[in-house]
Amino acid sequence: MKVLITGITGFVGSHFAEYLLGKKDIELCGIIRWRSDTKNINHIKDKPALYESDIRDFVSVKAVIEKIKPDRIFHLAAQSFVGSSFTAPQETLTTNIIGQLNIFEAVRSSRINPLIQIAGSSEEYGLVHEDELPIKETNPLRPLSPYAVSKVAQDFMAYQYFKSYGLNIIRTRAFNHTGIRRGEPFVTSNFAKQIAMIEKGKQPSVIKVGNLDAIRDFMDVRDVIRGYWLSLEKGTLGEVYNICSGKGYKISEVLDILLSLSKVKVKIEKDPERMRPSDVPVLLGDYSKFNKATGWKPEIPFEETIAGLLDYWRKNV
Ligand code: A2R
Ligand code: GDD
């Protein structure tokens, strides 16, 4: 089976590559850009076949899809950082929306019909009212960032291509996930890195933070990629599934857990640069639909994931 991962050099893509290379009879292919940093996948022994393409460029996407003719596509490439979507909205919308359009059109013009997983996000739900928690797939979508808007567009475009052209698409909406190799701007990695820097005397004993009041539903990335694989194995075409833990943590609690794992004494300082024009107050999901379809449930405790992430940064600063 030929499996194509877009975004293979990213956080989730690199974990997915590790997971799939442990499975039999899979020929793993990935898309990289000419100046992609491959540090996240360099350690993988059974090398995936890497093809150069920028998903914003239809010519390059079509050439790669025609060459590989994948049986399954996991579309993970994206501008994935909510914060940057406010400063570079056009790049976010182009990469995420037009990038996906290019993949769908390349699939159509190649006359293949692979199974395709589309990585949506809990950010799509955006502003959620107290009486709507935990969030089900049927909840209204009230996006609060350009990133969230791009993910709503990806989600609905996937539905439309399933209905209009019969593309074999399944949509997932993953809630927050973390683990080793999580990009530095994201909250768990950012705080863990700062603590590791302070421990080594490379940063004054001050942790810079943004909005500590937000509540997020966190999982380990390895649970998420297992879910992505299962979504195509057992999910129903055209459907959308929440992948989440059902447990909410205040960001201040995440910081407390990290600090409890270290001996450093720190001052916490609000950094106005880290505040977003609008930040989703609470995301807490219900995964019963996905569980019913696939049997999936989260397995790795958050505290274990966070401890692993802190150790990762201790080795990498
Ligand atoms: O930056 P690169 O060259 O290493 O590649 C990133 C890739 N990517 C692209 N690939 C091709 N053409 C583009 N125009 C393009 N723009 C970005 O997407 C990298 O391999 C990946 C993004 O990785 P991360 O930022 O670490 O995101 P993460 O957490 O792995 O997110 C995976 C999916 C995304 O759809 C998120 O929106 C969703 O999960 O939450
Ligand atoms: N990044 C960051 N840095 N966030 C901070 C900080 C900080 O210093 N301080 C507080 N926060 C808050 C943010 O305001 C947000 O409420 C929360 O921590 C999580 O921020 P991120 O880790 O940047 O993740 P996100 O929730 O915006 O988005 C992530 O999860 C989505 C799924 O819900 C990303 O991985 C998205 O790609 C993904 O779709």
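Visitor: What makes the pair formed by a polar side-chain atom of D279 and an oxygen atom of ligand 2 a polar contact?
Guide: In this predicted model, a polar side-chain atom of D279 lies 2.7 Å from an oxygen atom of ligand 2, and a polar contact is a pair of N or O atoms within 3.5 Å. The value of 2.7 Å for D279 falls inside that limit, so the pair is called a polar contact. The backbone takes part as well: an oxygen atom of ligand 2 is 2.7 Å from a polar backbone atom of S80, and a backbone N or O atom of P185 lies 2.7 Å from a nitrogen atom of ligand 2. The protein covers 96% of the 710 Å² of accessible area that ligand 2 has on its own, where areas come from the Shrake-Rupley method with a 1.4 Å probe.

Visitor: How are the residues numbered, and which parts of the prediction count?
Guide: Residues are numbered from 1 along each chain as its sequence is written, while chains are lettered from A and ligands numbered from 1 in the order in which they are written. Local features need pLDDT of at least 70 and side-chain atom pairs pLDDT 80 or more, whereas totals for chains, interfaces and linings use all residues, and side-chain values use heavy atoms, with hydrogens and water left out.

Visitor: Why is ligand 2 said to lie between domain 1 and domain 2?
Guide: Ligand 2 has 24 residues around it, of which S80, S121, S122, Y147 and R276 come nearest; a residue belongs to this group if one of its heavy atoms lies within 4 Å. Because domain 1 (2–177 + 219–243) and domain 2 (180–216 + 247–283 + 301–316) both contribute to this shell, ligand 2 lies between them.

Visitor: What surrounds ligand 1, and which elements supply at least two residues of its shell?
Guide: There are 21 residues around ligand 1, with T9, S36, S80, Y147 and K151 the closest. The helices α1 (11–21) and α5 (146–165) each supply at least two residues of this shell, a helix being a DSSP run (H or I) of at least four residues. Oxygen atoms of ligand 1 are 2.9 Å from a polar backbone atom of F11, 2.8 Å from a backbone N or O atom of V12 and 3.3 Å from a polar backbone atom of L76. Of the 800 Å² of accessible area that ligand 1 has on its own, the protein covers 87%.

Visitor: What makes a space a cavity, and how many of 30 Å³ or more does a search of the whole structure find?
Guide: On a 1 Å grid over the protein atoms alone, a cavity is a set of points where a 1.4 Å probe fits but cannot get out, whereas a pocket is an open set with protein on both sides within 12 Å along at least five of seven lines. The cavity is lined by V82, E123, L144, S145, R276, S278, D279 and V280, each with an atom within 4 Å of a point.

Visitor: Where does the second largest pocket lie?
Guide: The second largest pocket holds about 170 Å³ of space, and of its 13 lining residues S245, K247, I300, P301 and F302 are the closest to its centre. Domain 1 and domain 2 both give residues to its lining, so this pocket lies between them.

Definitions and conventions. A polar contact is a pair of N or O atoms within 3.5 Å; within protein, one must be able to donate a hydrogen and the other to accept it, and residues adjacent in sequence count only if both atoms are side-chain atoms. Domain bounds come from an automatic or database domain assignment. Grid points are joined across faces, edges and corners, and a volume is the space filled by probe spheres set on the points.
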